[in-house]
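Open the structure in your viewer and keep the selection tool at hand. This tour tells you what to pick at each stop.

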Amino acid sequence: MADKAFIKLGEKEVELPIYVGTEGEESIDINKLRDLTGFVTLDSGYKNTGATKSGITFLDGELGILRYRGYPIEQLAEKSNFMEVAYLLLYGELPTNDQFVDFTDRITHHTLVHEDVKQFFDGFPSNAHPMGQLCSLMCTLSSFYPDSLNPNMSKEATDLTIIRILAKMATVVSWIHKKSVGHPIMYPQNKYDYVSNFLYMTFGMRTEEYVPDPVVVDALDKLLILHADHEQNCSTSTVRMVGSSQANAYASVAAGVAALWGPLHGGANQQVIEMLEIIKADGGNVAKFVEKAKDKNDNFRLMGFGHRVYKNFDPRAKIIKEACDNVLNKLGVFDPVLDIAKQLEEVALKDPYFVERKLYPNVDFYSGIIYRAIGFPTEMFTVLFALGRLPGWLSQWKEMREANEPIGRPRQIYTGPTVRDYTNIAIR
Ligand code: MLT
């Protein structure tokens with residue numbers, strides 16, 4: 001293994017250190033490149049750039065490996081729960097029983113959202129997109145906790161901020177759902193665990209007793225675990241970038257929500273179901289749509305296929321596909337869209353066009369079918385992704401702050417006009 005990199009620029013040769021991660025990932029440390037050579041690197045979309053050193057999540061896109069703090073995603077999805085995973089991501093180790101009880105207890109006791117936040121919430125039209133509402137409300141919350149604006153707040157205050165955000169986002173997400181169906185919001189109940197409480201606030205009614213269905217609790221818990229972190233994806237990098245200016249955690253998370261909203265990121269799960277619905281409405285001829293997706297002159301695109309970093313399969317998609325069958329069977333839900341999704345996967349996985357381009361279903365492909373079976377409207381899907389991703393965002397924000405990372409400030413290669421003299425062209 002090389003321990004130095006040599007860059008030759010004309011006659012000049014410079015030596016750069018190699019940095020190797022704990023899983024053997026090799027990188028050329030270019031921190032001094034500009035000082036030594038006057039050059040910067042050009043890497044649109046950061047495809048070859050390690051923006052940070054991080055000890056939270058490891059993924060190997062070639063082998064389809066995903067681990068949180070070293071633990072394989074398959075084991076966590078099967079044996080752990082979302083709150084334990086949140087603790088693991090934030091603090092680096094699995095909690096002891098006492099730590100787990102204390103952590104979940106604190107979250108439970110912070111689920112209530114200040115009544116005045118409702119005044120902001122009430123201003124949204126009932127058809128406002130849930131992601132727009134979530135983004136605004138996360139930032140709004142910062143105004144109720146002015147202490148959290150202090151970049152030099154103590155470790156205890158930072159911890160409290162993290163607990164508050166974890167607790168309150170679930171409540172806010174349930175409000176957004178309630179508004180979309182025209183029902184009054186529900187207040188949290190401390191007798192429930194995190195996921196049951198969220199389901200209660202989302203689907204419970206003031207007029208009825210709510211008994212969370214263990215199948216649904218389990219399914220949602222698993223989905224939240226699978227979405228909890230994914231190293232330096234677009235929204236997480238955004239959270240770190242915004243946080244690097246010492247903006248507070250609420251604002252950083254709101255920025256993460258904004259980045260996640262896009263159809264090329266978290267917004268894809270909504271688009272997958274919309275695509276499957278279009279295929280269904282057209283008569284369900286999957287082969288026809290596969291041909292359309294291959295046709296460069298056709299606008300139709302297969303959503304939920306392929307991934308920037310996974311080159312063979314997305315390990316989360318494997319787990320979700322299995323969970324999907326399981327949940328629908330247990331809930332006795334027949335969804336024709338699941339049938340279409342399975343056919344589409346089968347056809348696409350055999351077609352050389354998709355095989356050569358390494359296009360196979362990703363995490364967004366099957367998750368929407370489970371959300372739908374649970375009873376969430378399509379527009380809520382990306383918000384659920386955000387709820388799952390929250391511990392990841394907060395862990396990455398915390399890691400970045402604790403490492404005292406410098407403000408994110410990329411360079412550019414300027415391509416505009418060179419210097420020219422001003423002359424008055426407009427008639428004034
Ligand atoms: C994610 O989970 O954030 C998505 O798969 C996107 C990504 O990792 O780039």
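**Before you start.** This is a predicted model: local features need pLDDT of at least 70, side-chain atom pairs count only at pLDDT 80 or more, and totals for chains, interfaces and linings use all residues. Residues are numbered from 1 along each chain as its sequence is written, and side-chain values use heavy atoms, with hydrogens and water left out.

**Stop 1: the ligand.** Select the ligand, then His230, Asn233, His265, His307, Arg316, Phe385 and Arg389, which surround it.

Now look for polar contacts (pairs of N or O atoms within 3.5 Å). A side-chain N or O atom of His230 is 2.6 Å from a ligand oxygen. For His307, a polar side-chain atom lies 2.6 Å from an oxygen atom of the ligand. For Arg389, the distance from a polar side-chain atom to a ligand oxygen is 2.7 Å. The protein covers 84% of the 260 Å² of accessible area that the ligand has on its own (Shrake-Rupley method, 1.4 Å probe).

**Stop 2: helix H10.** Select residues 234-244. Helices (H or I, at least four residues) and strands (E, at least two) are DSSP runs, numbered from the N terminus. Which residues of H10 are buried? They are Ser235, Thr236, Val239, Arg240, Gly243 and Ser244. Buried means under 20% relative accessible area (1.4 Å probe, protein chains only). These residues pack against helix H11 (249-261) and helix H18 (381-402). After H10, click Gln246: its phi is positive, near 70°.

**Stop 3: Met201.** Find Met201 in helix H8 (residues 194-203). Met201 counts as buried because its relative accessibility is 1%. Beyond its neighbours within four places in sequence, its contacts (heavy atoms within 4.5 Å) include Ala170, Lys178 and Tyr187.

**Stop 4: the sheet.** Three strands form an open antiparallel sheet, in the order S4-S5-S6. S4 (57-60) and S6 (71-72) are edge strands with a single partner each, so one side of each has no neighbour in the sheet. Two strands pair if DSSP finds at least two bridges between them. S4 and S5 (residues 65-68) pair over 4 bridges. Finish at Phe58, whose bridge partner in S5 is Arg67.

Methods:
Buried means under 20% relative accessible area, exposed over 50%, partly exposed in between (1.4 Å probe, protein chains only). A residue is near a molecule or strand if one of its heavy atoms lies within 4 Å of it. A polar contact is a pair of N or O atoms within 3.5 Å; within protein, one must be able to donate a hydrogen and the other to accept it, and residues adjacent in sequence count only if both atoms are side-chain atoms.
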